[in-house]
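The following briefing is meant to be read alongside the sequence and the coordinates. Topics are taken one chain at a time, and the contact between the chains comes last.

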Amino acid sequence: MTGMQLSREKLLEAYRMMRTIRVFEDRVSAEMASGDIPGNTHLYAGQEASAVGVCMNLVQSDNIASTHRGHGHCIAKGCDVHGMMAEIFGKDTGICRGKGGSMHIADLSKGMLGANGIVGGGPPLACGAAMTAQVLGRDDVAVVFSGDGAINQGTTAESMNLAQVWKLPVIFAVEDNGFGEATASSFVVAGEIVKRADALGMAFAKVDGVDFFAVHDAAAEAVARARRGEGPTLLHIETPRYYGHFSGDPDNYRTAEEKAAMRRDRDCLTTFRRRVGEAKLLAESDLDAVDAEVQAVIDSAVKAARAAPQPPLDSLTTDVYVRYP
Amino acid sequence: MPQKSFRQALNEALHHEMGRDPTVIVLGEDIAGGAGASGQQDAWGGAFGVTKGLLGAFGPLRVRDTPISESAFVGAAAGAAVTGLRPVAEIMFVDFLGVCFDQIFNQAAKFRYMFGGKAVTPFVLRATYGAGTRSASQHSQALYPIFTHVPGLKVVIPSSPYDAKGLLIQAIRDNDPVIFLENKLLYDTVGEVPDGAYAIPFGEANVLREGGDATIIAFGRMVHFAQEATAILAAEGIDCTVVDPRTTSPLDEDTILETAEETGRVVIVDEANPRCGMAADISSIIAENAFGALKAPIMKVTAPHTPVPYAPNLEAAYLPDAKRIAEAVRKTMAYRK
């Protein structure tokens, strides 16, 4: 099924998730500036159509591995937004009880294997999740989201080869937001990313990550291929990155003009609204209603996170082992 | 009880557990050998023959020869563990951990803590360790202190065929990531090993010998050298206790402290390099908790702080041996008699 053939409910769900990610990230940015969030965050705003376009093709038993810029993937795979916000605030009600923070949000029961603080940390893990499905005879797939930076990590190259020779049901979703930290990918990525898949005989597609429907349809094909047991696919998804590398990054390596043009011309939310409007699939009022609902959810999540207790001190030494000795 | 080699004991443990639990898989480089080639399949059964026969018994879906890509397959083992399998990955030489360490210490070891206690990672990484095979600096190290340092990992060093089988079965059944290190010069050693399955709990030291004069604490192959040293010393009238902790994490601190208090003289034998090694670690535990019982300074017998050399005479000088252990015990005995 193509994205344009999705039911009204599914389209609204996709829009709700993308809007939730955007408002979540804008709010985290604002709360970071207030100084009440410890540590650091890497914001996903601008890339929403990638996470949601891919994850709309998944079911709960499918697994995803993510990156340091993982909030969007978590929301798209169904992680609880209240638990995520509390985690980022370092609270006991957090999805990881305040022990992981922004870079380690995970909910295994939702098939979310964790954001990851290590660039290139995820591809081997996704291969492992795919191997589990293969060994147990399930048709689950695994998706590893990674960035253009991780494409230059050995783990990615090793995992792509492993997935191809073992025909693992895994999708390498490479979100190319143009930057690895403060360095342009054009400066550090040799050749074309999809040709690295092509060299292994792996299926691939390059898609516009601003267009939910383009991502959705490419991912649908990749997921179906994986479920049929025909092996992995690499998706090269080109997206903007609205914020700097980390929240608070002065982002002075891009010109003000470039950043303004990016937000004006490459916005997956306005693109989505335009496309469903033109096709008369959803009304403006439906989408506005979602915007209001999402705003209320995020307001509530921040309020609850601020009010939540810190983790108890005795939790410092728990959860290292299941049993020790 | 039947006599079996250390290698056969490990092989039996793998057969038992794979037969018992369909989620147990093994993966690694040439763990069968011959895949894609024209000749014999399961040609090697692992570089040291430990996994021989598993392919025929359990098939290629569960016995997986991998590319030479340690990050990918060790990380895949971690990812599989957290999604429902019990993978046993084999790294031919522990020295190769350098190319996949991130997947061990940043990923597998930390899932449970980072995710607030929700992850269970039943993952075993088997690797060989140890000097004495003229294999030089990149195929001979005893790197268990590095793993011992990392919270979230358990580290096992069996010294006998009996322990090898029981500890590997425990490692596979354990719900935490386990690093299981096999000294390659022990594979052909023989000892009593029951035919059935049995698990040896982690964190329980084996006291091989009890003597009142001094305690020798040793791991892996060094346990055999410690035993040899006790024979030399017995002839001189020095009666030693020998303790094999069997796991460096968890470490059986209770048994170590009890024996230190009993004899008051302790020699720790560690094949690893001396800085931040097990000998240093155990010394500090004894000094902190049993200082009053000590009759002499704790002695450490370790490798020097150098890489492992190639030339046979240099490698012999590198490794601790029974003579050096006996000499260390004599020194503790001579201290303020």
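**Overview of chain A**

Chain A contains 12 helices and seven strands, as given by a predicted model. Its radius of gyration is 19 Å, which agrees with the value near 20 Å that a compact globule of 325 residues would have. The C-alpha trace of chain A extends over about 60 × 50 × 40 Å along its principal axes.

**Packing within chain A**

- Of the 325 residues in chain A, 54% count as buried, and among the contacts in chain A with a separation of 6 or more, 76% are made by residues 24 or more positions apart.
- Helix 4 of chain A, residues 81-88, is largely enclosed by the rest of the structure, because eight of its eight residues are buried.
- The buried residues of helix 4 of chain A include Val81(A), His82(A), Met84(A), Glu87(A) and Ile88(A), and the buried residues of this helix pack against helix 1 (8-34), helix 3 (71-76) and helix 12 (284-307) of chain A.
- Just after helix 4 of chain A comes Gly90(A), whose phi is positive, at about 75°.

**The sheet of chain A**

- Five strands of chain A make up an open sheet with parallel pairing, and their order is 1-2-3-7-6.
- The edges of this sheet are formed by strand 1 (63-65) and strand 6 (203-208) of chain A, each of which pairs on one side only.
- On average, and with direction ignored, neighbouring strands of this sheet are turned by 20° against each other.
- Helix 2 (residues 48-55) of chain A lies across strand 2, strand 3 and strand 7 (233-238) of chain A, and it runs at about 165° to strand 3 of chain A.
- Helix 9 (residues 212-227) of chain A lies across strand 3, strand 6 and strand 7 of chain A, and it runs at about 170° to strand 7 of chain A.

**Domains of chain B**

- Chain B is divided into domain 1, covering residues 3-192, and domain 2, covering residues 206-334, and the centres of these two domains of chain B, taken over C-alpha atoms, are separated by 27 Å.
- Between the domains of chain B, 24 residues of domain 1 are in contact with 23 residues of domain 2.
- On the domain 1 side of this contact in chain B, helix 6 (144-148), strand 6 (154-156) and helix 7 (161-173) of chain B are the elements that give two or more residues.
- By class, that side of domain 1 of chain B has 13 nonpolar, eight polar and three charged residues.

**The five-stranded sheet of chain B**

- An open sheet of five strands in chain B has the order 9-11-10-13-14, and its pairing is mixed.
- Strand 9 (206-209) and strand 14 (299-302) of chain B each have a single partner strand, so one side of each is left without a neighbour in the sheet.
- Strand 9 of chain B pairs with strand 11 (residues 240-244) of chain B in the antiparallel sense over three bridges, and Arg209(B) has Val242(B) as its bridge partner in strand 11 of chain B.
- Helix 12 (residues 322-334) of chain B packs on the sheet and touches strand 10 (214-218), strand 11, strand 13 (266-270) and strand 14 of chain B, with a direction that makes about 170° with that of strand 14 of chain B.

- Leu54(B), which lies in helix 2 (residues 54-58) of chain B, is buried because 23 other C-beta atoms lie within 10 Å, where the cut-off for a buried residue is 20 or more.
- Leaving aside residues up to four places away in sequence, Leu54(B) touches Leu14(B), His15(B), Met18(B), Val26(B) and Val63(B).
- The C-alpha atom of Leu54(B) is separated by 46 Å from that of Glu262(B), and these two residues are 208 residues apart along the chain.

**Contact between the chains**

- Between the chains, 38 residues of chain B are in contact with 37 residues of chain A.
- Helix 3 (70-81), helix 4 (101-108) and helix 5 (111-114) of chain B each supply at least two residues of the side of chain B that touches chain A, and the largest share, nine residues, comes from helix 3 of chain B.
- The residues on this side of chain B comprise 19 nonpolar, 14 polar and five charged.

Notes:
Residues numbered from 1 in each chain as written. Chains lettered and ligands numbered in written order. Predicted model: local features only at pLDDT ≥ 70, side-chain atom pairs only at ≥ 80, totals over all residues. Contact = placed C-beta atoms within 7 Å. Helix = DSSP H or I, 4+ residues; strand = E, 2+ residues; numbered from the N terminus. Nonpolar A, V, L, I, M, F, W, Y, C, P; charged D, E, K, R; others polar. Buried ≥ 20, exposed ≤ 12 C-beta atoms within 10 Å, placed from the backbone. Domains from an automatic or database assignment. Pairing = 2+ DSSP bridges. Axes fitted to C-alpha atoms, helices over the stretch in contact; angles between N-to-C directions. Rg over C-alpha atoms; globule rule 2.2 N^0.38 Å.
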